[in-house]
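User: Hi! I'm new to reading protein structures, and I'd like to go through one with you. Could you put it up on the screen?
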Amino acid sequence: MTNSVRKVAAAAATAILGAVLAGCGGGAGAPDAGREAARMGTPAAPGSASPSASAPAAAAGSPAAAPQAGASAKPPTMAPGPNGLTPVFERARQQTDKTVALTFDADMTSDQGPRAEGGEHFDNPALISTLRTLKVPSTIFMTGRWAEEYPDQAKAIGTDPNFEIANHSYSHHAFKSPCYGLPALDAAAARADVDRAFAAFRQAGAVNTVPYFRFPGGCYDDQALRALSTAGVTAVQWDVVSGDAFATDPVAVAEQVLAGVKPGSVVVMHCTRSAAPVTEEAVQRIVPELRKRGYRFVKVSELIGR
């Protein structure tokens, strides 16, 4: 395949990512003033929680109320934005060190149980195995429904020091409307949805969980950031879209990632065989090439802590 054709294929995959997969690698447009200020929040010191994480109002289901046993230090979070808005992280402030975080969304909506029972695979064990073999530290943004469907895999990922599990909601419903046709949650339901996902991780036996949250579809606004302000989480977006959703050419996916990565980048990919069937093969191309370029792979927690 020629480079021009690959670029076209990658662009098409990116479009499908937002339009067909309900925007897991999409986005919500330019932030308004409050969201921009929240995005530019400063990291809290490693080993300390942000003010929102330590607030008495934090719900019992939040990571702040239930720290994981055995952790040497709390994962770093960012300071809240104005009026306590949940902070948003997109790329490391320290942009000279050649580090990059590969992140993988383990998507499953609350109503997809029948499809799983019918044989559709929302997991991707081969991808996880490849990440282990290549020794790539990674952050998995998991929905609570995924953890319930694949509890053994959730536990295996969440007890492996190579990985950390972050929150991608329970239901994969929207926290802002419109958002690629996703059903929308109100503020109270949104907060409860986040807590329910953390509870699902604990129920599965995952211990390497971090207080980070990724909005379904990447869609958020000040109301969404306010709804999560007592959850003690940092919202994590990305600056590199892989275009792996429904892609059929792993070379095109790899080239799109390689063209976009910069020091401190966060790459969004997927851990769902039915929706992202070539991700594992693309990773096999991406990892050695980025290492050849001098990059070091890290989890999101390391980027936020820099």
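User: Which residues of α10 are the buried ones?
Analyst: They include Pro-250, Val-251, Gln-256 and Gly-260.
User: What caps the N-terminal end of α10?
Analyst: Asp-249 does: one of its side-chain oxygens lies 3.0 Å from the backbone nitrogen of Val-251.
User: Before we go on, where do these numbers come from?
Analyst: The model is predicted, so local features need pLDDT of at least 70 and side-chain atom pairs count only at pLDDT 80 or more, while totals for chains, interfaces and linings use all residues. Residues are numbered from 1 along each chain as its sequence is written, and side-chain values use heavy atoms, with hydrogens and water left out.
User: Got it. How many helices and strands are there in the protein?
Analyst: The protein has 12 helices and 9 strands. Of its 306 residues, 54% are buried.
User: New topic: which residues have the most contacts inside the largest nonpolar core?
Analyst: Those are Phe-104, Met-142, Trp-146 and Phe-215, in a core of 59 residues. Helix α8, residues 187-204, gives the most to this core, with 7 residues. A nonpolar core is a set of buried Ala, Val, Leu, Ile, Met, Phe, Trp, Tyr and Cys residues joined through side-chain atoms within 4.5 Å.
User: And is there anything apart from that core?
Analyst: Another core, of 16 residues, lies apart from it, with Phe-89 and Val-300 among them.
User: What about disulfides: how many does a search of the whole structure find?
Analyst: The search finds 1 disulfide, meaning a pair of cysteine sulfur atoms within 2.5 Å. Here Cys-179 is joined to Cys-219, with the sulfurs 2.2 Å apart. The link is right-handed, with 80° about the S-S bond.
User: Where in the chain do those two sit?
Analyst: Cys-179 is in the loop between β4 and α8, and Cys-219 is in the loop between β5 and α9, 40 residues apart.
User: Are Cys-179 and Cys-219 buried or exposed?
Analyst: Both Cys-179 and Cys-219 are buried.

How values were computed: Buried means under 20% relative accessible area, exposed over 50%, partly exposed in between (1.4 Å probe, protein chains only). Helices (H or I, at least four residues) and strands (E, at least two) are DSSP runs, numbered from the N terminus. A polar contact is a pair of N or O atoms within 3.5 Å; within protein, one must be able to donate a hydrogen and the other to accept it, and residues adjacent in sequence count only if both atoms are side-chain atoms.
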